[in-house]
Amino acid sequence: MEYFTQHQDYFFYALAGICLLVELSLLGMSGPLLFVALGSVITGVLISLGLIHSFSIALVVFAGLSVASAALLLGPLKKLQNKEVGPETSSDMVGKILPVTARITQADGRVSYSGVEWLARLDGSSNEAIEAENRVEVTSVDGTILVVKGV
């Protein structure tokens, strides 16, 4: 402990490392310790540069930086984490031309492929329903639903 009283910057670097280790191993980048680690690193740098000389001031700066980084970065990080993944386009069904067996709308419908009826819906390029006995092209796969467009 005496070492950290003489080298306060290393205390904040160690705190940042511990916070990041716990964040990555236990919390899975959910956020709270990430901001504490960021505040710790910046405070350590400020102490290393000689801009902060008192441990009590360092604690205040550390708390302020942690709260400020959380306020500034929490929203963008949540948006990044909750980013919606687009429809599956790597399926071998994409590009297939299939016959319609039940009227296809934006909500539902059915197509036939290899003797099996598949659920289908329109891809959004057209709002006009496609009637049975017509043909459609698969543009993507959303789970077990084929997303199609008229041909």
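Two strands are taken as paired if DSSP finds at least two bridges between them. In this predicted model, five strands close into a barrel. Their order around the barrel is E1-E2-E3-E5-E4, and the pairing is mixed. Neighbouring strands of the sheet are turned against each other by 55° on average, direction ignored.

The contact between E1 and E4 illustrates the pairing. Strand E1 covers residues 97-102, and strand E4 covers residues 135-142. The two run antiparallel and are joined by three bridges. Leu 98 stands opposite Val 136 in E4.

The chain as a whole holds four helices and five strands. Read from the N terminus, the elements follow the order α-α-α-α-β-β-β-β-β. The chain has 151 residues, of which 24% are buried. It exposes about 9500 Å². Carbon and sulfur atoms supply 63% of that area. Contacts were also sorted by separation in sequence. Among those between residues at least 6 apart, 52% join residues at least 24 apart.

In the helical part, Leu 46 was examined individually. Leu 46 lies in helix H3, which spans residues 32-48. Its relative accessibility is 23%, so Leu 46 counts as partly exposed. The cut-off for buried is under 20%. Neighbours within four places in sequence set aside, Leu 46 is in contact with Leu 51, Ile 52, Val 61 and Leu 65. Asp 9 is 37 residues away from Leu 46 along the chain. The C-alpha atoms of Leu 46 and Asp 9 are separated by 8.1 Å.

Methods
Residues numbered from 1 in each chain as written. Predicted model: local features only at pLDDT ≥ 70, side-chain atom pairs only at ≥ 80, totals over all residues. Heavy atoms only, no water. Axes fitted to C-alpha atoms, helices over the stretch in contact; angles between N-to-C directions. Buried < 20%, exposed > 50% of the residue type's maximum accessible area, 1.4 Å probe, protein only. Contact = heavy atoms within 4.5 Å. Areas by Shrake-Rupley, 256 points an atom, 1.4 Å probe, with all protein chains shown as cover.
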